[in-house]
Amino acid sequence: MAEARPVLDEGSSVASDAPRKPGSTRALVALLAFVLGFATVPHRVCEREASRWFEGDPEKTEALAAGLERWTSSELAPASFATGSSRFDGEWLFATYVFAAMGFGQVALERPETRTTNLARMERCLEAMLEPRVRAFDDTAWRTDALASTKSAPGSKEDRGHVGYLGYAALPLALHRLLSPSSRFAEREEEIVAALARRIEASPTGFVETYPDEVYPVDNTAALAALAMHARATKQAPSPALARGLLAVRTKAIDPATGLLVQAVDAATGAPRDAPRASGTALAAYFLSFADASTSQALFDALERGQFRTVLGFGGMIEYPAGHRGRGDVDSGLVFLGFGVSASGFAIGASRAHGDLDTFTALYATAHLFGAPFDENGIRTYATGGPIGDAILFAMLTAPRATRWSS
Amino acid sequence: MKEAISDPKAPQNEREERTPKKVLAANKRPLAFLAISVACLLLHHVLLRAMAHGHVAHVLLGAGNAPPPASAAAVAITLLVIRLLTVIVVPGLLLAAAAEIVAYLLVGPTREASDDPLA
């Protein structure tokens with residue numbers, strides 16, 4: 001700077017004959033400008049749509065809904081996914097239809113003027129979701145058909161489990177019934193919800209198995225959300241199974257140290273069999289926003305308190321809490337530098353459900369950065385997500401406020 | 001050069017001598033930043049369209065346990081890298097280029113452009 005001063009003082013741009021260091025003030029100014037741009041611009045670029053999604057902007061939701069309609073109108077198959085396991089490929093196919101159906105239903109709920117269009121879109125997903133090819137992953141694991149099992153005699157050997165299929169299927173079916181009381185899926189929805197309620201009540205732990213001897217609390221929260229939505233749709237008191245299931249989640253599946261949901265529990269005792277994890281917690285917070293706002297809020301608070309981090313304004317959820325270590329799997333998705341893809345994505349829905357704009361904005365910025373949205377002819381798709389990525393983001397970005405159900 | 005410093009009219013003379021060639025020579029770095037930024041933006045635009053139109057994510061997901069098609073994998077990886085560069089680095093590069101150009105316009109080259117390999 002000492003060398004530069006005479007030049008500036010004199011208003012001169014002429015190089016002096018005094019020795020100058022390479023790089024000079026210009027380079028320093030450039031470096032400072034670069035750091036300023038690096039630190040302040042990228043997340044602002046990526047979060048600029050967040051408030052519109054948070055408020056349920058019709059243009060945005062319709063563009064993504066149209067993209068999902070395109071995916072779900074074509075026939076997806078388990079071979080469309082590649083987790084390395086036929087069971088997980090089937091789960092992803094099923095999840096694509098479930099989350100797409102939830103997204104269409106949530107938009108129909110939020111914007112009644114779109115109800116006809118979105119109910120038709122939702123019904124295509126519900127039909128696909130109930131097809132044998134889509135539920136084959138569950139049938140193979142149980143060696144019985146999930147839907148046939150709902151008609152088995154109460155208390156019989158066949159009247160157990162399948163919550164990984166029935167719980168997730170029941171929630172969009174119940175939402176459809178709420179939107180359309182004369183739903184053509186009402187009978188199917190009634191059977192599934194009744195079977196889930198029976199199984200929760202009969203279970204020694206209050207949990208229903210996803211696969212034989214495998215219990216995942218997050219799958220049970222989907223079933224509990226379905227029970228709550230069924231009660232609203234039919235204007236009946238909730239089944240006692242709802243309270244029993246919620247009690248099981250609160251007392252057995254929430255880790256007292258972290259407040260996060262344990263990923264797996266023992267089928268016989270309900271004791272934890274896996275670490276508390278952000279991916280299951282975030283998805284459970286979304287599901288429970290339909291059933292029990294306070295438990296959902298407690299899970300979301302635990303996530304925000306312990307797992308939420310920002311880097312340069314981009315938000316993400318750390319998959320494993322302090323003291324626990326693990327790798328990415330089919331539940332967490334890719335785990336990079338501790339951040340979980342699924343946890344961060346599902347937390348978008350939880351933050352919207354609980355009206356937390358700041359967290360929603362930071363998480364959306366990350367989804368926007370890595371999702372690579374592409375808009376054309378009024379249709380949006382997230383280029384790196386494929387059908388399941390679009391479906392999950394659609395459901396999360398349109399998650400209804402938890403307060404909606406408490407009034 | 002001594003005369004230039006002692007002569008108060010020298011700066012104006014210097015500015016008057018800013019031929020396009022000299023201006024370019026003195027602003028190689030900001031121009032390189034601009035070129036990199038424009039290239040990243042264009043490449044990002046092309047790759048994003050290719051990825052979305054070719055349903056590349058879907059192709060990758062649908063590859064089963066076999067290795068994914070090399071072209072699809074290449075497009076996906078390149079898009080991710082270019083997108084990160086475009087979103088994270090390019091704003092800084094553009095600001096740096098703008099700052100350098102403004103500095104050049106205000107105070108001129110800090111020394112003979114040809115002496116500075118980066119300038």
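What percentage of the 119 residues in chain B is buried? I looked this up before anything else. Buried residues make up 36% of chain B (buried: 20 or more other C-beta atoms within 10 Å of the residue's own, placed from the backbone).

I noted the ground rules. The model is predicted, so I kept in mind that local features need pLDDT of at least 70 and side-chain atom pairs pLDDT 80 or more, while totals for chains, interfaces and linings use all residues. Residues count from 1 along each chain as its sequence is written, with chains lettered from A and ligands numbered from 1 in the order written.

**Chain B.** I found six helices and zero strands (DSSP runs: H or I of at least four residues, E of at least two, numbered from the N terminus). Of its contacts between residues at least 6 apart in sequence, 77% join residues at least 24 apart (contact: C-beta atoms, placed from the backbone, within 7 Å).

**Core.** The largest nonpolar core holds 152 residues (buried Ala, Val, Leu, Ile, Met, Phe, Trp, Tyr and Cys joined through C-beta atoms within 7 Å). Helix H6 of chain B, residues 70-107, gives the most to this core, 16 residues. A:Leu196 is among those with the most contacts inside the core. Beyond four places in sequence, A:Leu196 touches residues including A:Val163, A:Ala170 and A:Leu227 by the contact criterion.

**H2 of chain A.** I listed the buried residues of H2(A): A:Ser24, A:Arg26, A:Ala30, A:Ala33, A:Phe34 and A:Gly37. They sit on the same side of H2(A), because their arc around the axis is only 130° (arc: directions from the helix axis to the C-beta atoms). What covers them includes H6 of chain B.

Note on methods. A residue is buried if 20 or more other C-beta atoms lie within 10 Å of its own, exposed if 12 or fewer, and partly exposed in between; C-beta atoms are placed from the backbone. Two residues are in contact if their C-beta atoms, placed from the backbone, lie within 7 Å.
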